[in-house]
Amino acid sequence: MKFSKWHGLGNDFIFVNGFEKAPINLQQLAETLCDRHFGIGADGLVLVLPSTQADFRMQIFNSDGSEAQMCGNATRCFSRYVHTNGLTKKNELTIETLAGIIHARLVGDGSEVKVNLGEPKLKRSEIPVSGDSASTAINVPITINDITYNATCVSTGVPHCVIFVDSFQGLDWQNIGKKIEIHPLFPEKTNVEFIQVINRSEMIMKVWERGAGVTLACGTGASASLVAGVLTNKTDRKAVVHLEGGDLQIEWEEATGHVLMTGPAVESFVGDISIENSVATD
Ligand SMILES: N[C@H](CCC[C@H](N)C(=O)O)C(=O)O
């Protein structure tokens, strides 16, 4: 099976063209191929597919095999992948995902992509938590190891739990993120962002992703964090988010209510792998 490796600020994906023949057992395949020691190594597996409603369809699986509705960084990589592989000549694309149809546009010299994530939703989950309402999403107290954090929960296609911190000094954010991902407040689990605001147009983000753990960047997460920053009056509607792997420009447009994310997408290598050898037989 031919594949290529792409990354958006170090958030890396194995891309497979599913136009002619799509691999089967995708969940298991994702888990096996994404393994950094026994597989190719990646945060996720992305399938490039035809669509009846849009230019293309994107299917994405996390490194633990779970399927995600959407992924911001993968959408940027996807937009460049279809060009590089001669599947389109269009600079403006529509991409069908489980979170709806996403609009993306190649900008500048074509190495950057601007993605329109649509209107963010202020909620913790599609599934209401019994006994309370999933609409409770601002200043949600979450206690981990006897410390209570205030979370703002925003969906930008996938669920995010944004926590503002004064500093990362001494903060075991990986461990806290890991526990919040599977906290009962989030019946579908959640991605978790830790944000230090530098000023009203700049912030630093660290992320623990649902189904993937620590990653170097998360596009929908940076977008959700900007929305959370606006809603809690910490940031303006336009900001640079500094991620471990680099910077994203995020804007929550006043006129449309849409969130726009702009950043790079890079192909790191192409390869060929025997699926028979890579899929566990048990
Ligand atoms: N890294 C992605 C998000 C993946 C989301 C996935 N981890 C999930 O929600 O299950 C991004 O750039 O937006």
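**A ligand between two domains**

Both domain 1 (2-115 + 265-274) and domain 2 (140-257) give residues to the shell around the ligand, so the ligand lies between them. The structure is a predicted model, with an ipTM of 0.98 and a pTM of 0.95. Averaged over the chain, the pLDDT is 94, and 94% of the residues score at least 70. An exception to this level of confidence is the stretch of residues 277-282, where the pLDDT is below 50; beyond near neighbours in sequence, this stretch has 10 contacts in the model.

The shell around the ligand consists of 17 residues, of which Gly72, Asn73, Val158, Gly219 and Thr220 are the closest. Two elements, H2 and helix H4 (219-231), each give two or more residues to this shell, and the largest share, three residues, comes from H4. When the residues of the shell are sorted by class, 10 are polar, five are nonpolar and two are charged.

The division of the chain assigns residues 2-115 together with 265-274 to domain 1, and residues 140-257 to domain 2. Although the C-alpha centres of the two domains lie 23 Å apart, the domains are in contact, and this contact takes 19 residues from domain 1 and 17 residues from domain 2. On the side of domain 1 that touches domain 2, helix H2 (residues 72-84) gives the most, with three residues. The residues on this side of domain 1 comprise 11 polar, five nonpolar and three charged.

The largest nonpolar core of the model contains 71 residues, and the members that touch the most other members are Ile14, Phe15, Leu45 and Val46. At least three residues of this core are drawn from each of domain 1 and domain 2, and both domains likewise give residues to the shell around the ligand. For Ile14, once residues up to four places away in sequence are left out of the count, the residues touched are Phe3, Lys5, Leu33, Cys34, Ile40, Ala42, Leu45 and Val46. Leu45 and Val46, which Ile14 touches, are themselves listed with Ile14 among the members of the core that touch the most other members.

Note on methods:
Residues are numbered from 1 along each chain as its sequence is written. This is a predicted model: local features need pLDDT of at least 70, side-chain atom pairs count only at pLDDT 80 or more; totals for chains, interfaces and linings use all residues. pLDDT is the predictor's confidence in each residue, from 0 to 100. Two residues are in contact if their C-beta atoms, placed from the backbone, lie within 7 Å. Domain bounds come from an automatic or database domain assignment. Helices (H or I, at least four residues) and strands (E, at least two) are DSSP runs, numbered from the N terminus. Ala, Val, Leu, Ile, Met, Phe, Trp, Tyr, Cys and Pro count as nonpolar, Asp, Glu, Lys and Arg as charged, and the others, Gly among them, as polar. A residue is near a molecule or strand if its C-beta atom, placed from the backbone, lies within 6 Å of it. A nonpolar core is a set of buried Ala, Val, Leu, Ile, Met, Phe, Trp, Tyr and Cys residues joined through C-beta atoms within 7 Å. A residue is buried if 20 or more other C-beta atoms lie within 10 Å of its own, exposed if 12 or fewer, and partly exposed in between; C-beta atoms are placed from the backbone.
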